[in-house]
Amino acid sequence: MRIKRVEIISFGKFKNYALDFSDGFNLMFGKNEDGKSTLMAFISLMLYGTAGSSSRTDISENFRKKYAPWSGDKMSGDMEIECRGRSYLIHKEFRATSKTDKVTVTDTETGNAVNLPPDTEIGKFFLGIDYNAFEKSVFGATADCFAGTESGDIAARLSNLAESGDEAVSTKNVLARIEKAMDELMKKRSKGKINLAQDRIEELNSQIDKVDSQAEQRRKLSEEYTKTEKELSDLNEKVRKMRLALAGEENRRKADACRTLAGLSDMAEQAENKVKVLVGTGEPAEILQKCSEYENAVAVARDVLSKTEKVSPQKAVTDEDMRKYFLLSEEKQKEVVAEATAKARKGKYRLSLIIGSIIFLVGVLGGIFNPLIFSASAVGLIISVLSLIKLKNQPNDSDLRSTEKKLAELFESRGCHSAAEFEKAYRESITMIEKAKIYEEAQRSLKLAESVFVEYVGQYRSVSSSEEGKEFVKTLSKLQSDMEKARQSRDSYASAFKLEELNPQKLLNLAQDIEKGLPTETVNSADVEKAEHEIKMKNNELLEIKGMLGKEPEDIAPLMRERDELLEKANEMEAYYQDLTMARDVLVEAEDEMRRSFAPALKERASEILSILTGGKYQSLSTDKVYEIGVKSEDTGGYRSRHYLSRGTLAQSYLALRIALCEMLSENEPVPLLLDDVFADYDDERAALASEFLENYARNGRQIIFFTCHSRQGRIQTNYNMLG
């Protein structure tokens, strides 16, 4: 967090007073009574309304009374801060207590109000520490602010301060309360609430089990009695029917066999009729064999066709194209010879033209000086004119290359760009024609095989393709299989029961004749005797069960309600006990971890700062004794108690401890450091070392607001403000 600006509307001696703070080191210089303490108190109260509590009787320690304006104006003001990359404006109107203060916090970027959690101080919200921690790290630095009425391990008290913001919060007190609550639930020697509840639950469970067992036993006996009664009734009816049917079992079996065989014969006849409907008088096996041969022929032809490459010789180079190519090639050779001859003649005529032109120019120029030489110009002119006429009569290159253009057109008409491509295309055309012939032959073979197959199947069913022929074969194959199975079942059954008649209707008539006069049921005497013995046994069972039923058991509902209520209560107490156990274990572990990690880290950082402040004279700061400060010098082997230190060294030690604690309380968000004349007990050398340290410390991202009335701090190159 960084303090950017304060605007005091009315507070102490200030009225309508504004002050800006920058990053890094801010030096606030002023003489006594210029308002340094007033400004620090204003910042403190803006962050923590409990600072300078109104319950204090000493007005000098009560900020609200001490800094109340004599004019009677209400204390109020604004403070702009930056925290976690965002800017906020805090406005406060101070009243009698912190709870009655009127406070608004606004996000200056969005203009939205920031709602603080109930009973949460502004400093706690932004800095993450309570006023107690603020006073011992960010705001105060004297030995008095670390002193207390009780003695104890400073590492433990500072760890409490870092953890809860209150050094008086002790894990021992919390552990004692947890142990007491656990003992009430489950005592070690006598019985606690959980033990008593478990004993009663066990007693109720025993009673419930006993009553439930009795009820279950009676229920099972009742079910068994009802079941036995039903079985006895069924046995009596069975014996009655068995006595009516003791003869004719063999004839009955024969009649049943006739009916079964009639059904099998009927199934066989139906299967045979379906085959006849499909193939007439034809033999299904022979037809299927023939169809299989034709199907194989179609399959072979189709396989050959699938393995044959299908080509279409489009833009193929024909024999006529090759004849034209050869004729044009011969003409091109002649044109090449003619072109070479023409080029030689043109060269000769051009040379004559050049020579004639030179002679003409020499004659003309020489005639100026000698008339005889001028006659040579006529000769040069004649040679030039004759040479020029000869050149004009020579054939053009385009005329000599007409055959080459025809060749290019021929190549292009067949998709070629050169003679080599044209000759290659001719060879490929021959191959493509052969492949096309092979593919056409395979197509013809497939069509022939399919037509033969379709023609044969057409004798029995009208089909238009080999696929429809295959469907016919499937249908015939299934019908033939069904027919063979029906025949086999019929013949096997007839052989087993030695029945020669196979006509279904005759078999049914025979079964009716056999069953005339037979009883509806058939049994033997042994079966009747066995059933009568079972009836006697069932009667004995009924008498025995009736004697075991006894009286009705007691009502189980009240016992179960009491047990369920106790179980719910016991579960809640056990869950609470487990939570207490976990809390105790975690608290002990956390305390141990805090003592192991916090104290060494605090000591190491404070010692490092002290060494810088003292120029290396004191290299180690002890904080692990009874709330004492001890330092170790470079020329001694042990620590010296604070009582043996000078006021300057002691002030340096507490400043080092304060800065280290401030760092550890604000690892995630740096907090500003407010220093009020901490160099009061420093000599010039100590002040110089401390000034250099604080200036470097501020450059590393820490805001320092340094209040002083001594001019020697003015040497620091930083933001400088003059109070008063």
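Predicted model: local features only at pLDDT ≥ 70, side-chain atom pairs only at ≥ 80, totals over all residues.
Trainee: Why is V454 called buried?

Mentor: Buried means under 20% relative accessible area. V454 has 16% relative accessibility, so V454 counts as buried. This residue lies in helix 16, which covers residues 419-457.

Trainee: Which residues does V454 touch, apart from those up to four places away in sequence?

Mentor: V454 touches V463, S464, S465 and S466. Of these, S464 is ten residues from V454 in sequence, and their C-alpha atoms are 6.8 Å apart.

Trainee: What makes C83 and C416 buried?

Mentor: The cut-off is again under 20%. C83 has 1% relative accessibility and therefore counts as buried. C416, with a relative accessible area of 8%, is buried because that value also falls under the cut-off.

Trainee: How many disulfides does a search of the whole structure find?

Mentor: The search finds zero. To count, a pair of cysteine sulfur atoms would have to lie within 2.5 Å.

Trainee: How do you know that the length of helix 18 agrees with its number of residues?

Mentor: Helix 18 has twelve residues, 504-515, which at 1.5 Å a residue should span 16 Å. Its end C-alpha atoms are 17 Å apart, which agrees.

Trainee: Why are the buried residues of helix 18 said to line one face?

Mentor: The buried residues are P504, L507, A511 and I514. Seen down the helix axis, they fall within an arc of 85°, so they line one face of helix 18. In general, an α-helix has 3.6 residues a turn, so residues three or four places apart point the same way.

Trainee: What is found at the start of helix 18?

Mentor: There, a side-chain oxygen of N503 comes to within 3.1 Å of the backbone nitrogen of Q505.

How values were computed:
Residues numbered from 1 in each chain as written. Heavy atoms only, no water. Helix = DSSP H or I, 4+ residues; strand = E, 2+ residues; numbered from the N terminus. Buried < 20%, exposed > 50% of the residue type's maximum accessible area, 1.4 Å probe, protein only. Contact = heavy atoms within 4.5 Å. Expected span 1.5 Å × (residues − 1). Arc of directions from axis to C-beta. Polar contact = N/O pair within 3.5 Å; in protein donor to acceptor, adjacent residues only side chain to side chain.
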